[in-house]
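Here's a quick briefing to read with the model open on your screen. Have a look at the fold before going through the notes below.

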Amino acid sequence: MENIEIIKTPEEVNLRIKELGSEITKACGTTPLTMIVVMNGGLFFAAKLAEAIELEDFYIDSIAAGSYKSNVCTGVVELRSTLKLDPKGRNILIVDEVLDTGRTLKAICDNLLAMGALSVKTAVLVEKELPRPDGIAHSDWAGFIMDDRYLIGCGMDSHEKYRHYPGIAVMV
């Protein structure tokens with residue numbers, strides 16, 4: 001890879017995801033849970049998190065949504081796909097790789113609640129430390145709290161590159 005500075009190693013990321021899985025499992029108890037993965041960025045984190053969640057009544061779906069074009073936030077959230085599973089009557093966990101402005105997660109949460117979801121919680125691998133006047137303030141579960149830098153790896157990309165890197169890094 002090009003010049004990068006590693007912020008979290010793949011081992012640190014994997015350990016934290018296992019911890020999050022345990023926390024979510026404990027919080028759910030025996031309550032059924034439907035994970036909705038925000039594509040494409042949430043894919044890598046969600047796959048590992050799903051393996052770490054130990055629930056018998058567990059479902060997975062995905063939605064394409066975003067507000068970035070060419071590494072710049074447009075300020076407009078687009079929901080680009082529909083769900084396979086009806087969210088009505090379900091306890092939902094939205095999984096994304098990063099909580100940045102919070103607009104995308106807010107739009108998805110609002111949409112799912114309007115569709116009749118019983119509850120909507122969020123889990124992100126990285127929550128950036130910044131104000132979110134137009135989005136959700138904080139995720140329910142965050143792997144890491146980090147300052148506001150442009151991150152790559154674990155689903156985070158630069159022009160659709162570097163999502164596959166198993167750690168978290170910044171380009172230098």
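Accessible areas here come from the Shrake-Rupley method with a 1.4 Å probe, and for residues only the protein chains shown count as cover. On that basis the chain exposes about 8700 Å², with carbon and sulfur atoms supplying 53% of it. Bear in mind that this is a predicted model: local features need pLDDT of at least 70, side-chain atom pairs count only at pLDDT 80 or more, and totals for chains, interfaces and linings use all residues. Residues are numbered from 1 along each chain as its sequence is written, and side-chain values use heavy atoms, leaving out hydrogens and water.

**Overall fold**
- The chain has 3 helices and 9 strands, where helices (H or I, at least four residues) and strands (E, at least two) are DSSP runs numbered from the N terminus.
- Reading from the N terminus, the order is β-α-β-α-β-β-β-α-β-β-β-β.
- The radius of gyration (taken over C-alpha atoms) is 15 Å, close to the 16 Å from the globule rule for 172 residues, so the chain is as compact as a globular protein of that length; the rule is 2.2 Å times the number of residues to the power 0.38.
- Along its principal axes, the C-alpha trace spans about 45 × 35 × 25 Å.

**Packing**
- Of the 172 residues, 47% are buried, meaning under 20% relative accessible area, while exposed means over 50% and partly exposed is in between (1.4 Å probe, protein chains only).
- Taking contacts (heavy atoms within 4.5 Å) with a separation of 6 or more, 66% are between residues 24 or more positions apart.

**Helix 2**
- Buried residues in helix 2 (residues 42-52) are Gly42, Phe45, Ala46, Leu49, Ala50 and Ala52.
- Seen down the helix axis, the buried residues of helix 2 fall within an arc of 155°, so they line one face; the arc is that of the directions from the axis to the C-beta atoms.
- As background, an α-helix has 3.6 residues a turn, so residues three or four places apart point the same way.

**Loops worth a click**
- Asn40 sits in the loop between strand 2 (33-39) and helix 2, and a cis peptide bond (omega about 0°) joins Met39 to Asn40.
- Asp100, in the loop between strand 5 (91-99) and helix 3 (103-114), counts as buried at 15% relative accessibility.
- His159 lies in the loop between strand 8 (151-152) and strand 9 (168-171); His159 has a positive phi of about 55° without being a glycine, and at 52% relative accessibility it counts as exposed.
- Tyr162 lies in the loop between strand 8 and strand 9 and is a non-glycine with a positive phi of about 75°, but Tyr162 counts as buried at 7% relative accessibility.
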